[in-house]
Amino acid sequence: MNQQLAELQQAPELLVQTKQQLADAQSNLQTANDNLVAKKNELNKATADLADLKTQLATNQENLTKALANLAQAKSGLDQANKDLASSKEKLVSKQTSLASAKSTLAEAQAKLIELQQAPQTLAKAKETLDQANKNLEIAKENIEKAQQAYDEAKSNNDVAQKDLEDAKNSLAQVQEKQSQAQSAYDKAMKAYNDYLKAQQAVKDAEEKAKAEHTYFAQIVNGKVVDAQGHIKVGYSVKGNQVFDAQGKLVGTLAQTPTTRGMANTVKQENTKVLPQTGDKQNNNTTVGAILVGLGSLLGLGALGKHKED
């Protein structure tokens, strides 16, 4: 009974401890979950990096396979050249032996010829033997020359094969370096091309702006725009002293007075059409207005002429 009472008295403290342990456990659980998410993110990044490395490895492996194939081919060519060289050496030795034998036969025939000069029949036979020996000697010389030529060709092929072998080794060592240089050159070329496009557009914009500053238009009282040839431009608009076409592109500058005779005539005609023409007073006003427009046109033309003279 006393033990149960003591346990009941300790129950609040145990409850507080249990709650604290539960809070600690929940905090540890949240920390573990956070660590798990971080590890998953690291795993995803590592997986992506592994895929990139596998792709690069496959490319490098392909280049290595090609380089090894070239190396094997070069080695095979070198082995064949060595075999041809050995065969040519054997043939050369054989032909040299034949030449020595032919020389010995010739010497013997010459000796017999001296001994048998008194015997016509023997002399004729000896002479025939001598002629044949001379022919054999010429043939042996030709064979020696051919053998020497074959030896020289085999030696040249051996040198070429040796060079191919060295080139294949160098190619194997330079595969990755060339790949890196090609990527760097591509990046530089793309940057230079983009810079060129920007500069080209800037020059074009500057040329169009300069052209627009020296291309003059006049405006009629109804808002229409007239060019230097006296043509009314449909869809053109004016903002400040700048003139824009139907697409909103800057095409010129608005002149205070007409700058050409054609422009002045069109402005005069169009303004005359727009001004009211009812009653004598209005007719008088129209006449006065026309006179003023004409004077303005003349003044404008005078200013234009002076501008051209300047």
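K39 and E42 form a salt bridge, with 3.9 Å between the closest N and O atoms. A salt bridge here is a side-chain nitrogen of Lys or Arg within 4 Å of a carboxyl oxygen of Asp or Glu. Both K39 and E42 belong to helix α1 and sit three residues apart, about one turn of the helix. K39 counts as exposed because its relative accessibility is 52%. E42 is partly exposed, at 48% relative accessible area. The cut-offs are under 20% relative accessible area for buried and over 50% for exposed, with partly exposed in between (1.4 Å probe, protein chains only).

The model is predicted; local features need pLDDT of at least 70, side-chain atom pairs count only at pLDDT 80 or more, and totals for chains, interfaces and linings use all residues. Residues are numbered from 1 along each chain as its sequence is written, and side-chain values use heavy atoms, with hydrogens and water left out.

The chain contains four helices and six strands. Helices (H or I, at least four residues) and strands (E, at least two) are DSSP runs, numbered from the N terminus. Their order from the N terminus is α-α-β-β-β-β-β-β-α-α. The chain has 310 residues, of which 18% count as buried.

The whole structure holds nine salt bridges. Side chains of opposite charge can pair when their charged atoms come close. K66 is partly exposed, with 48% relative accessible area. E62 is also partly exposed, at 45% relative accessibility. In helix α2, D159 and K155 are likewise four residues apart, about one helical turn. They form a salt bridge, with their closest N and O atoms 3.9 Å apart. D159 is partly exposed at 41% relative accessible area, and K155 is partly exposed at 40% relative accessibility.

Nonpolar residues were examined next. The largest nonpolar core has seven residues: L99, L106, A109, L130, A133, L137 and A140. Such a core is a set of buried Ala, Val, Leu, Ile, Met, Phe, Trp, Tyr and Cys residues joined through side-chain atoms within 4.5 Å. Helices α1 (2-115) and α2 (120-213) each supply at least two residues of this core. The most come from α2, which gives four residues. In soluble globular proteins, nonpolar side chains tend to be buried together.

A nonpolar patch lies on the surface. Y193, Y196 and L197 make up this patch, with about 320 Å² of accessible area together. Patch residues have over 30% relative accessible area and no salt bridge; like charges are joined within 9 Å, and nonpolar side chains (Val, Leu, Ile, Met, Phe, Trp, Tyr) within 5 Å. Accessible areas come from the Shrake-Rupley method with a 1.4 Å probe; for residues, only the protein chains shown count as cover. L197 is found in helix α2. L197 counts as partly exposed because its relative accessibility is 35%.

Helix α3 comprises 14 residues (residues 261-274). At 1.5 Å a residue it should span 20 Å, and its end C-alpha atoms are 20 Å apart, which agrees. The expected span is 1.5 Å times one less than the number of residues. In α3, M263, A264, T266, V267, E270 and N271 are buried. They cover an arc of only 165 degrees around the axis, so they lie on the same side of α3. The arc is that of the directions from the helix axis to the C-beta atoms. The face of α3 turned away from this buried side carries the exposed residues R261 and K273.
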